[in-house]
Amino acid sequence: MTDSKLQLEKNRDFGELFNDTFLFIKYNFKNLLMGMIYFVIPFALLQGIALGVYQYQSLSSITEQSSNPFAAMEGAMSSMLITYLFTMITYTFAMAFVFQYIKLYKTSENNEVELKQVWKLMLGVAPKIFLSIFVIGLLSGLGFVFLIIPGIYLMICFSLVIPIIIFQGDSLGEAMSSCFSLIKNNWWLTFGFLLILGVIATALQFVFQLPAVIYQAIAGFQMVQNGVTSTSQSLSILFSIFQSMGACLMQIIPFVGIGILYFSLVEQKQNPALLKELENVGANE
């Protein structure tokens with residue numbers, strides 16, 4: 001960790017949001033990486049195993065449909081549901097780690113954040129985050145079902161719900177109400193910022209997805225040519241684990257970006273840092 005400390009409570013323009021996001025990651029790279037490995041990667045490992053089993057069963061079910069289509073479909077569906085469950089758990093702990101780390105970083109005086117302390121705070125808030133992700137996903141999904149634009153609008157607004165819960169200690173209902181106030185007059189800035197961060201993270205994730213994509217393509221080609229596929233469940237699981245672990249680590253970028261965005265919007269709306277400086281000036285006079 002570097003001796004330099006990034007001021008979080010600061011109103012930022014579009015370019016400064018990117019600059020400070022990657023500056024924060026640079027200053028805290030070792031701690032962020034180790035924390036993800038210790039606290040989040042084990043869940044990504046389970047997610048990768050479930051995803052590998054699902055992909056193997058999905059490919060195998062295509063050739064087995066003539067003999068027992070319902071059993072093959074039931075197996076693939078079960079694996080898909082388990083994969084979704086572990087994906088939600090992985091995202092829950094990834095969000096809990098990154099945002100609790102930022103919260104402790106903000107109050108630390110010597111730039112030192114103890115990972116053990118982050119873990120204790122993560123455990124306390126993880127169930128609340130899991131429930132919040134489920135509700136946010138459900139509401140955003142309903143928005144996409146009725147019309148695509150309401151779904152996108154809600155998804156951008158709700159991106160601040162988890163930081164508000166962790167940084168302000170609000171309930172889910174209070175956080176959902178507060179996020180609309182923070183986003184007001186800043187929706188397009190938030191949309192553009194998160195879109196570019198998402199593109200960057202997705203491009204980096206593709207490096208980890210590439211082995212699985214190539215393997216699935218070869219298996220699909222064999223099936224088209226010969227009518228059967230010779231996929232290996234072990235290889236499918238191995239490539240999926242690599243894919244899930246890479247995707248998990250790359251989530252540091254958008255989650256840190258959302259944290260930086262939160263403090264920027266709060267400073268713009270409420271000026272907490274400015275008010276604190278004025279109080280200090282008044283106390284010293």
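This is a chat about a predicted model of one protein chain.

Reader: Hi! What should I know before I start, predicted model and numbering included?

Author: Residues are numbered from 1 along each chain as its sequence is written, and side-chain values use heavy atoms, with hydrogens and water left out. This is a predicted model, where local features need pLDDT of at least 70 and side-chain atom pairs count only at pLDDT 80 or more, while totals for chains, interfaces and linings use all residues.

Reader: Thanks. How many helices and strands does the chain have?

Author: The chain has twelve helices and zero strands. Helices (H or I, at least four residues) and strands (E, at least two) are DSSP runs, numbered from the N terminus.

Reader: And what percentage of the residues counts as buried?

Author: Of the 285 residues, 43% count as buried. Buried means under 20% relative accessible area, exposed means over 50%, and partly exposed is in between (1.4 Å probe, protein chains only).

Reader: What share of the contacts joins residues 24 or more positions apart?

Author: Among contacts with a separation of 6 or more, 78% are between residues 24 or more positions apart. A contact means heavy atoms within 4.5 Å.

Reader: What does the model show over residues 118-138 and residues 188-215?

Author: Residues 118-138 are 100% helix and 0% strand, with the end C-alpha atoms 29 Å apart. Residues 188-215 are also 100% helix and 0% strand, and there the end C-alpha atoms are 39 Å apart.

Reader: Switching to the inside. Which residues touch the most other members of the largest nonpolar core?

Author: That core has 65 residues, and Phe24, Phe97, Phe99, Leu160 and Val161 touch the most other members. A nonpolar core is a set of buried Ala, Val, Leu, Ile, Met, Phe, Trp, Tyr and Cys residues joined through side-chain atoms within 4.5 Å.

Reader: Nice. What does Phe97 touch?

Author: Leaving out residues up to four places away in sequence, Phe97 touches Asn31, Leu32, Gly35, Met36, Phe39, Val40, Leu115, Val118 and Met122.

Reader: What about Gly48, where is it and what does it touch?

Author: Gly48 is in helix H3 (residues 41-64). Gly48 counts as buried because its relative accessible area is 0%. Beyond residues up to four places away in sequence, Gly48 touches Ile237, Ser240, Ile241 and Ser244. Gly48 and Leu238 are 190 residues apart in sequence, yet 7.8 Å apart in space, C-alpha to C-alpha.

Reader: Where is Asn185, and why does it count as exposed?

Author: Asn185 is in the loop between H8 and H9. Asn185 counts as exposed because its relative accessible area is 72%. Phi of Asn185 is near 70 degrees, a positive value in a residue other than glycine.

Reader: Last one: how much space lies in the largest pocket, and which residues are closest to its centre?

Author: The largest pocket holds about 930 Å³ of space. Of its 29 lining residues, Tyr91, Met95, Met155, Gln251 and Phe255 are the closest to the centre. On a 1 Å grid over the protein atoms alone, a pocket is an open set of points where a 1.4 Å probe fits, with protein on both sides within 12 Å along at least five of seven lines, and lining residues have an atom within 4 Å of a point. Grid points are joined across faces, edges and corners, and a volume is the space filled by probe spheres set on the points.

Reader: Which helix gives the most to the lining, and what classes of residue are there?

Author: H9 gives the most, with seven residues. By class, the lining has 20 nonpolar, nine polar and no charged residues. Here Ala, Val, Leu, Ile, Met, Phe, Trp, Tyr, Cys and Pro count as nonpolar, Asp, Glu, Lys and Arg as charged, and the others, Gly among them, as polar.
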